[in-house]
Amino acid sequence: MLRRALVSPPVLISLIVVLLAATLPLYVSGYVLGLLTIAYYFGVFSMAWDLLFGFANEVNFGPSFLIGLGAYTAGILDNLYQPPIALCIAAGVLASMIGGLVLALPALRVRGPYFGLTTLVAVLMLQNFVVVAASLTGGEIGLTIPDVISIDDKVNYWIALGFMAVSGAILYGLTRSPVGLILQASGQDPVQAGALGFNVTKHKLAAFLVSAFFSGLAGALMAFYLGTASVGTFIDVTVGVQVIIGAVLGGRRTILGAVLGAVFLVALGETLRPLGDLATFIVSAVALIVVLFFPAGLLGMVKGAREAT
Amino acid sequence: MAPYENAAARSAALRGSLGAASVALMFAIAPSAWADDPAPIKIGVIAEAQAVAGSSIPQAAQIAADEINAKGGVDGRKIEIVSYDNHSSSAESVRAFQRAVNEDHVNAVIGSYISEVVLALEPWASRLKTVFITPGAASDVITQNIAKDYEHNKYTFHGYLTSGALAGLVCDAAKDMLVDGLKMKTAVIMSEDAAWTGPLDAGYEACLPKIGLKVLDHIRFSPDTTDFTPIFNKIEASKPDVIITGVSHVGTQPTVQWKSQQVPIPMFGIASQATNSTFWKDTNGATDSVIYQGVSGPGVAVTPKTLPFVDAFSKKYGNMPSYAGYTAYDDVYIIADAIKRAGSADSGKLVDAMEKTDYVGTIGRVQFLPKGDPHVHGLKTGEGLITGLMLQWQNGKQVNMWPATLANGKLEFPSFVKIASGK
Amino acid sequence: MLFWQILIDGFAISSLYALGATGFTLIFGVTGVLNLSHGAIMVAAAVAAWAASGNFGAGAYVGAVFGVVVALLLALATYYLIVRRLQLSRAVREEEKEIFILTATLLWGIMIQEAIAYLFTNNAKTVLPIVDGVVTILGVRTPANEIFTAFVCWATIGALWLFVNRTLAGKAVLAASMNPRGVTLLGIELSTVYVGVWAIYGALAGVAGVLLGMFLGVSSYSAGPLTASAFSIVVLGGLGSVSGSLIAAYVVGYLETLTAYLISPAYRAIPALLLLVAVMYVRPRGLLGRR
């Protein structure tokens with residue numbers, strides 16, 4: 001099944017799109033490259049979220065908790081001791097995975113809205129902590145990260161693109177594998193899945209850890225791209241909302257759709273830039289319309305159209 | 001260029017290159033005579049165009065550029081303002097900065113009044129070796145970073161007052177107004193628990209006793225506090241003569257609750273929101289008698305350049321500039337002046353020239369602290385340089401109280417405030 | 001003296017929390033919807049009241065009423081445009097509807113918040129208070145407004161109680177929260193009940209918002225924290241239980257006040273958050289929760 005999935009139309013199309021995207025730096029301005037770099041990192045955030053939501057059926061209202069943990073741990077480490085960047089990133093990923101574990105524990109005991117609340121509270125607590133422990137984290141002013149991976153926008157773009165492509169491949173492959181199917185079953189009907197002999201708890205926990213891994217990694221990488229970490233960029237509820245909207249817009253339970261949604265959001269935000277504050281309003285309105293009238297999302301609509309013919 | 005394939009092309013090329021050589025020679029002999037359209041000086045302005053304080057930055061910068069260009073520019077070169085709206089986001093500011101330098105090839109950047117944004121841009125100014133000056137942020141970390149690594153970070157200049165400097169200026173004013181004028185003896189410091197108030201409060205704790213005000217208590221509250229009742233009750237219990245403030249993230253709420261609780265102690269110090277001309281309306285008049293620090297005030301001619309700038313600004317845009325507008329206006333002049341003295345817009349030479357700045361702007365006389373100072377590239381403060389003002393809200397108007405030479409009113413307090421003039 | 005200060009101050013804040021949480025839990029209890037635009041509706045009410053009374057000079061009473069009306073309209077809009085649409089949608093599976101409604105109300109809340117910021121800037125505003133001046137209770141100088149706030153909160157909650165327990169319409173609402181199908185069997189149009197409940201919710205949120213605006217002041221940034229706060233209180237008290245929410249509101253209100261007075265105003269929000277985390281781990285269904 002995995003082999004068949006690998007040569008299926010979505011994968012082939014994605015491959016072509018990635019190859020095309022890799023050629024962009026040759027003829028597109030550095031500004032657009034920078035925009036897309038951020039969009040690709042958000043694509044990974046949204047994909048990681050979709051794994052949890054679309055498959056394990058857990059709504060994480062605070063993806064920025066995991067992202068923030070990854071970004072800030074990596075950043076603080078670099079700020080204090082300047083170890084090699086790879087070490088900082090690894091520390092960030094570890095922190096994020098521990099965070100994922102912490103979130104997973106109540107999730108596995110409660111259902112639906114309660115879990116959503118826990119995730120929201122986690123974000124608030126992290127935000128509170130960052131502001132209170134200002135001497136360590138830079139507080140509301142933000143953290144300066146002395147090292148960046150590169151100052152060349154082309155290099156940064158390719159790193160982001162490559163990372164997103166690989167993450168997407170892994171996440172997509174995971175969902176199409178037997179593990180992924182069990183996860184889906186556990187998410188949609190845990191009682192039946194349990195009756196069939198699958199360890200629902202173990203699989204959901206694994207989903208959390210995987211989601212945390214990618215969120216934290218992407219967060220740390222993005223922090224080393226920007227050279228700065230702040231509440232507004234990584235932890236604020238609006239960041240989480242952007243991640244969620246990206247995934248929902250693109251199409252839940254498709255993984256690949258999440259990237260579509262993330263890029264679409266960034267593009268929309270850019271085109272609406274001249275409108276200033278109204279831009280957020282319009283983006284939210286568009287997202288709301290999609291949720292209300294096209295709940296399957298962009299990719300979902302395409303899939304539905306294909307299946308209908 | 002494709003290699004020439006025929007004789008005609010070659011002779012054309014020869015003629016062309018001869019022509020070019022002669023023009024170049026003429027340029028070398030008489031540069032100014034032939035430079036009728038020299039490259040403009042581009043100054044990037046990255047600001048929060050939607051925020052009340054930020055919107056004035058690009059607007060004021062444009063006025064300065066227009067004025068300089070009307071007088072012929074800098075050595076014949078016109079100043080071009082390239083503006084970027086960063087939506088109060090550090091990530092967008094970093095992107096804007098990269099774009100400004102790499103694509104739009106600006107010679108210098110004026111950026112933001114938010115410390116978070118400025119701190120995010122500071123390392124990029126170093127990496128991209130571009131002069132960068134902030135017209136509004138207050139964090140001490142900006143200049144501390146320059147002191148820590150001068151060679152890398154020397155491109156950044158802090159065109160506003162640091163928290164530490166602000167504390168010093170508030171103390172100077174408190175000495176004249178509160179200790180000498182109202183014979184006050186005790187104070188309580190009330191500030192929001194945020195990164196920018198760290199150095200501010202440290203400054204207060206150090207300077208207030210020196211001017212004769214004993215610090216009875218020091219209260220730091222969470223920046224998202226909405227209920228200030230416990231705080232004011234605590235302050236009242238210590239019975240100080242004055243509350244020395246350090247608030248920016250909040251303003252309306254503590255002020256309104258101060259009035260509705262009828263706290264009998266006046267408020268004096270830093271209250272960023274009180275500088276907004278809409279503050280009276282926002283608080284439904286509760287801000288009456290609040291005394292706050294500012295660098296400008298309606299009708300106050302801090303220098304001969306202040307009021308003409310305000311006139312030009314309000315004529316062009318229909319409203320008064322925010323505090324960051326004054327400094328942004330000055331910053332354009334400072335950059336232009338430095339380019340003129342350096343004879344070039346090359347970043348290295350520009351840094352040296354800017355360090356030697358001695359310019360009378362709209363908020364005072366601007367000089368930067370030299371290398372070796374813990375706040376290198378910050379503004380020098382003190383009499384004859386920059387002192388700031390202390391203003392009081394009275395009857396819907398912001399009236400200046402200090403320095404005495406620029407005062408246009410007298411202190412007034414509502415009946416519930418008890419001034420302990422210990423005579 | 002300190003004791004009375006804490007008692008009185010905590011009471012006013014808790015009453016305000018209680019009113020906000022009551023509306024939130026009412027909607028969940030009867031319709032099963034967790035309305036994440038709750039905070040935004042409250043802020044909208046406060047800003048509308050500010051605009052009418054202060055900005056356009058209509059006076060405090062008119063402003064307050066206007067604010068409540070705005071919240072009412074927004075609540076009904078939330079129901080018709082979003083909740084009803086999703087509840088009747090066939091494109092979304094039953095078990096996913098909850099999550100979609102959550103996401104949709106979150107987005108709706110952001111839209112309201114941004115619209116407020118765009119029209120009125122994100123500066124904090126306070127509503128012109130209906131009651132002015134101070135009174136001295138047990139040696140504690142208290143703004144009369146604070147007492148007015150607590151009084152109106154309890155009057156509103158009392159009116160709600162009377163409505164639910166003493167009127168036929170109210171009993172229909174109560175029945176609908178327990179057994180929607182049963183209610184339809186009695187010949188009562190369920191959608192009418194829902195519209196009624198959302199209208200009541202709008203009024204509750206509106207009064208809470210206007211009072212908050214008068215007592216403490218709001219800004220467009222307050223929307224998120226207000227929703228989170230209502231959410232936390234309701235979960236603490238038990239989703240769907242109005243009495244649970246009331247008790248939890250006082251627990252949280254006093255916890256915050258005590259922390260602010262006795263420990264430090266900088267850590268005000270933390271004990272309540274910790275309590276919430278503890279409840280999540282130990283007793284997820286809250287104090288008096290049913291579902």
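How many Å separate the centres of domain 1 of chain B and domain 2 of chain B, taken over C-alpha atoms? The separation of these two centres is 35 Å, in a predicted model for which the predictor gives the complex an ipTM of 0.79 and a pTM of 0.81. Because the model is predicted, local features need pLDDT of at least 70 and side-chain atom pairs count only at pLDDT 80 or more, whereas totals for chains, interfaces and linings use all residues; side-chain values use heavy atoms, with hydrogens and water left out. Residues are numbered from 1 along each chain as its sequence is written, and chains are lettered from A and ligands numbered from 1 in the order in which they are written.

**Confidence**

- Chain B averages a pLDDT (the predictor's confidence in each residue, from 0 to 100) of 86, with 90% of the residues scoring at least 70, while chain C has a mean of 84, with 99% of its residues reaching 70 or more.

**Domains and nonpolar cores**

- Chain B is divided into domain 1 (5–161 + 302–366) and domain 2 (164–294 + 388–406), with bounds that come from an automatic or database domain assignment; the contact takes 5 residues from domain 1 of chain B and 9 residues from domain 2 of chain B.
- A nonpolar core is a set of buried Ala, Val, Leu, Ile, Met, Phe, Trp, Tyr and Cys residues joined through side-chain atoms within 4.5 Å, where buried means under 20% relative accessible area, exposed over 50% and partly exposed in between (1.4 Å probe, protein chains only).
- Of the 294 residues in the largest nonpolar core, Phe97(B), Leu213(B), Phe268(B) and Met354(B) touch the most other members; domain 1 and domain 2 of chain B both give residues to this core, so the core lies between them.
- A second, separate core of 26 residues includes Ile219(B), Phe232(B), Ile243(B) and Val290(B).
- Not counting residues up to four places away in sequence, the residues that Phe97(B) touches include Ile46(B), Val109(B), Trp124(B) and Phe132(B).

**Chain A**

- Chain A has 16 helices and 2 strands, and 58% of its 309 residues count as buried.
- Its radius of gyration, taken over C-alpha atoms, is 19 Å, which agrees with the value near 19 Å for a compact globule of 309 residues, the globule rule being 2.2 Å times the number of residues to the power 0.38.
- Ser211(A), found in helix α11 (residues 200–226) of chain A, counts as buried because its relative accessibility is 2%; leaving aside neighbours within four places in sequence, Ser211(A) is in contact with Ala48(A), Trp49(A), Leu51(A) and Leu52(A).

**Backbone details in chain B**

- The peptide bond from Trp402(B) to Pro403(B) is cis, with omega near 0°, and Pro403(B) lies in the segment after β14 (397–402) of chain B.
- His105(B), in the loop between α4 (90–102) and β3 (108–111) of chain B, has a positive phi of about 50° although it is not a glycine, and counts as exposed at 54% relative accessibility.
- Asn395(B), in the loop between β13 (389–394) and β14 of chain B, has a positive phi of about 50° although it is not a glycine, and is exposed, with a relative accessible area of 62%.

Definitions and conventions: Contact = heavy atoms within 4.5 Å. Helix = DSSP H or I, 4+ residues; strand = E, 2+ residues; numbered from the N terminus.
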